[in-house]
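Good morning, everyone, and thank you for making time for this.

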Amino acid sequence: MARFEIGSSFYLDGQEFKILSGAIHYFRIQPEDWYHSLYNLKALGFNTVETYVPWNMHEPQKGEFNFQGILDIEKFLQTAQDLGLYAIVRPSPFICAEWEFGGMPAWLLNEDMRIRSSDASYLQAVADYYDELLPRLVPRLLDKGGNILMMQVENEYGSYGEDKDYLRAIRQLMLDRGIDCPLFTSDGPWRATLKAGTLIDEDLFVTGNFGSKAAYNFSQMQEFFDEHGKKWPLMCMEFWDGWFNRWKEPVIKREPEELAEAVHEVLKQGSINLYMFHGGTNFGFMNGCSARGVTDLPQVTSYDYDALLNEQGNPTPKYFAVQKMMETYYPEYPQTKPLTKESFELRDIALSEKVSLFETLPDLAQPVESLYPIKMEDLGQSYGYLLYHTEASWDADEEKIRVIDGRDRMQLFVDGELVTTQYQAEIGQDIFVTGKKKATHQIDILIENMGRVNYGHKFLADTQRKGIRTGVCKDLHFLLDWQQYPLPLENTENIDFSKGWQPKQPAFYAFDFEIKALKDTYLDLSGFGKGVAFVNGVNIGRFWNVGPTLSLYIPHSLLKEGSNRIIIFETEGEYKEFIQLVKQPTFKTIKGENL
């Protein structure tokens, strides 16, 4: 069997080995496209693929595990091995990755524990998860006939904590379950993060994450190694070749030739993992969120990342710039022609049927009754929407209503009419509503969980619970007798389109169409407000007319020869009678930049 070791260099079967790796997250790409992306990595002359492992997808409910379909990590690794690629696997409980809650399952929020710490309850939760995950990876280790070179213990922990007992415990959990390949941590390259997030004195290999100035960043890492007497190879575990995008902000771009030269600067001194090589898509409700002071900033559905492959998986100008650089300076790594996929367009698909959320609500959820509003997690719900309903008698012609401590975005409806929409910074402000004095009015509050933070100081339980977390006041007192309708929207089968539709309300819109050939496409959502879209029952992600993206990627594997159905859940009352399937993504101009 092959053998990988870390000494003064990386060694593969005793020979010096430079790791040329690219990040491809299996859970962001449909399984039918894994080969395409992995082939293009190999075609670039690279020899290794890196992936995170998302705990929240593999254990969505406590004790319930899923390793099928898009979560079949064993099949992904086998596909890579069949192409001659080695693998770096990062199964740390926390992954960041601009992924919902940094990959942590939301049910942890209901447990009495401090996450990412040496708290015994938290470590037991990780142990239970590793009991299911790691036996699937052990046979994939290089010395057992697989292709895994090394695995990560923790991810950028030096940017969060300094609990060394926690790091030791996670490493031991891996060792106890048969993970005997080289292990590592990855952190920012400066001394503070390296000091806090590593176990360098206990020979746990250290890598750095950065996206430019390789000579300087490697010099900081080398200084830290020298301080601790380590003669290790230098590796950038995340070389950021692009960046992620947030709603209401321009798309971030990087020049291809500049990137190629920056990659060359890394390779002069060490090994590299391009983050990302193929970004893919945050399907469903899996986008992450950037932590800020008051108002957090959720990220968009597309994880294109301005990477070497675009969201669809096709080579970009960056790919060819790096390809040319590799041909020039590293001709010993053979290259081949990359694969490309075709897209199709289909115009003016007519609306088939529509129904208001309030009309079909009983078909989608059973109400949970309570005296005060219940948080999303306490209802056993992790993602999506949550509708709160009550009735109240008006004591004046104009009442003041306040939602106290709600997350993330709420829409207040009185008697079925939208009164206002508030996001984190506005929630809690006075809302004045006119009505008939002494009459009873219906109050409905639709809350959207727009994504939990994936990085930073807010990565704690009390900041990431969703829904109405305290209560709702009318005048100065809290209202009682609530009904909660959980709307995770895990399927669309129970929507009853035979019921009524009212304008300016959240609603479902169905579009039916026929196709013969299966190719990729993009759903242009220009003219719609905000919501999520489903293709043949699969949630392909969120859209929002604030941009920068105005479309959603539809992989060919989600379509069927013959009849297909797209259902759009839209919350703002903005829709169109026709939708367009287009060959390229649609963008919005923001801050004067033509995206």
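This is a predicted model: local features need pLDDT of at least 70, side-chain atom pairs count only at pLDDT 80 or more; totals for chains, interfaces and linings use all residues.

The UniProt record, which is an unreviewed entry, places the annotation "active site" on E156 and E238. These two span 83 residues in sequence, and yet no two of their C-alpha atoms are more than 10.6 Å apart, so they gather at one spot.

Let us take E156 to begin with, which sits in the loop between β7 (148–155) and α5 (164–176). Is E156 buried or exposed? Its relative accessibility is 10%, and because the limit for buried is under 20%, E156 counts as buried. Leaving aside residues up to four places away in sequence, E156 touches R116, S186, D187, N209, E238, W240 and Y455.

E238, in turn, belongs to strand β10, which covers residues 235–240, and with a relative accessible area of 5% E238 is buried. Among the residues that E238 touches, again not counting those up to four places away in sequence, are Y52, R90, N155, E156 and N209.

Now please turn to the sheet, where three strands in the order β1-β2-β3 form an open, antiparallel arrangement. Because β1 (4–6) and β3 (15–16) stand at the edges, each with a single partner strand, one side of each is left without a neighbour in the sheet. Strand β2 (residues 10–12) is joined to β3 by two bridges, and the bridge partner of Y11 in β3 is E16.

Notes. Residues are numbered from 1 along each chain as its sequence is written. Side-chain values use heavy atoms; hydrogens and water are left out. UniProt positions are given in the numbering used here, feature names are shortened, and annotations may be inferred rather than shown by experiment. Helices (H or I, at least four residues) and strands (E, at least two) are DSSP runs, numbered from the N terminus. Buried means under 20% relative accessible area, exposed over 50%, partly exposed in between (1.4 Å probe, protein chains only). Contact means heavy atoms within 4.5 Å. Two strands pair if DSSP finds at least two bridges between them.
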